[in-house]
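Reader: Hi! Could you walk me through this model? I have a few quick questions.

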Amino acid sequence: MRNYKVGVAGATGAVGREMIKMLERLDFPVGEIRLLASSRSAGKKLVFKGREIEVEELSPEWIAANDLDMVIMSAGGSISEKYAPIFRDKKVYVIDNSSAWRMDKDVPLVVPEINSAALSKDKHIIANPNCSTIQMVHALAPLHRKALIKRIIAVTFQAVSGAGQKAIDELEKETARIVESGFTEKKLPGGDFPPFPRQIAFNCIPQIDVFMENAFTKEEMKMVNETKKILDPRIDISVTCVRVPVFRGHSEAVNVELSEELSVSEARKLLEKEPGIKVIDDPASLKYPTALDADGELETFVGRIRKDESRANCLWMWIVSDNLLKGAALNAVQIAQKLIDII
Ligand code: A2P
């Protein structure tokens, strides 16, 4: 098999570091790896397959001077907007983890278990969906194939790592401060908790990203629009996204209305057969997945599957996955694996 020249842009970030580990863990055929970040990190060293690799500064000049087959980007939306077209013009495939390109009609938005058929040799920018969208559509796709989904109502409980390394540092800092006060100071003074709009330690924040004109947040609208693009534009969907003081692993309470009756045991069977899904669902022995169970794991976990007794053809389910893995780095590397079959 051929080996590929792979770049990781945003390599020093929370997702970027996982991208490097995923390339290793999935044994992606890497011939040469280049690690890119801002000038702040140039010269730092990161480890790939036991070897130290120096981080280089991403710039138009770097792209012009170097040849890559593909680049996996997780450096933020504005960086992707600027650099993805420059890579594309050099026929480098870009798998982009930001939201910059996801809704572009010429850009495939891919969860490989669902729609890898959207990939094509001539589409050089490929979008990796939002973390909360990936795990939800991954778990809903097998139900949709069997009994078309009409409507989804979801509430998310999202880990701080979804907001990057600064967010992880902020939760650690706030928590340490409260613990060090001997819990006398549970509500921290001052209104400044960047990158969060409120204190995140021992709190839940019903705002992820900015508010839109319709009073939903941008994160909520990403889930709505991306689910339609990946799964089916006919699905009605409404979401509330909440940030919770969890380091890793997004949890989602999802109510799904199907076009016909699907029993809990049928739904469970469909999910058990689906690649990458693990059902942990036994209320009698108190078995269900939590964010801590998903931390570091590759699967999307599903539990609490139950009939919504208030409405026909509706099921509730609880979907949990590591937001940095299936929600980001793993899905991106799985896209790369599908891509090399067609390029
Ligand atoms: P750096 O470490 O040099 O700032 P996170 O989402 O965890 O905050 O990570 C963001 C990633 O994007 C980091 O690797 C960061 O690199 C990178 N990044 C930020 N700004 C730029 C830029 N202007 N050019 C290239 N990479 C960038």
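Predicted model: local features only at pLDDT ≥ 70, side-chain atom pairs only at ≥ 80, totals over all residues.

Reader: Nice. Is Glu 18 buried or exposed?

Author: Glu 18 counts as buried, at 7% relative accessibility.

Reader: What about Lys 326, which residue does its side chain meet in a salt bridge?

Author: That would be Glu 113, with 2.8 Å from N to O. Lys 326 lies in helix α10 and Glu 113 in helix α4, so the pair ties together parts that are 213 residues apart in sequence. Lys 326 counts as buried at 1% relative accessibility, and Glu 113 is buried too, with a relative accessible area of 19%. The cut-off for buried is under 20%, so Glu 113 at 19% still falls within it.

Reader: And Lys 307, where does that one lie?

Author: Lys 307 lies in strand β12, and it pairs with Glu 261 in the loop between β10 and α8, so parts 46 residues apart in sequence are tied together. The N to O distance in this salt bridge is 2.6 Å. Lys 307 is partly exposed, with a relative accessible area of 41%, and Glu 261 counts as partly exposed at 48%. As for networks, salt bridges that share partners join Glu 18, Lys 21, Arg 248, Asp 295 and Asp 322 into one.

Reader: Good to know. How many salt bridges does the rule count?

Author: The count comes to 22.

Reader: Switching topic: how is the chain divided into domains?

Author: Domain 1 takes in 4-129 + 328-339, and domain 2 covers 133-323. Their centres, taken over C-alpha atoms, are 25 Å apart.

Reader: How many residues are in contact between domain 1 and domain 2?

Author: On the domain 1 side there are 20 residues, in contact with 22 residues of domain 2. The two domains bury about 1700 Å² between them, with 63% of that on carbon and sulfur atoms.

Reader: One more topic. Where does Gly 10 lie?

Author: Gly 10 lies in the loop between β1 and α1, and at 10% relative accessibility it counts as buried. Beyond its neighbours within four places in sequence, Gly 10 is in contact with residues including Leu 36 and Ser 74. Met 73 is 63 residues from Gly 10 in sequence, with 6.2 Å between their C-alpha atoms.

Reader: Last one: which side chain does Thr 156 make a polar contact with?

Author: The side chain of Gln 158, at 2.8 Å. Thr 156 is in strand β8 and counts as buried, at 0% relative accessibility. Leaving out residues up to four places away in sequence, Thr 156 touches several others, among them Ser 132, Met 223 and Cys 241.

Conventions: Residues numbered from 1 in each chain as written. Heavy atoms only, no water. Domains from an automatic or database assignment. Contact = heavy atoms within 4.5 Å. Buried area = accessible area lost by both parts, 1.4 Å probe. Helix = DSSP H or I, 4+ residues; strand = E, 2+ residues; numbered from the N terminus. Buried < 20%, exposed > 50% of the residue type's maximum accessible area, 1.4 Å probe, protein only. Polar contact = N/O pair within 3.5 Å; in protein donor to acceptor, adjacent residues only side chain to side chain. Salt bridge = Lys/Arg side-chain N within 4 Å of Asp/Glu carboxyl O.
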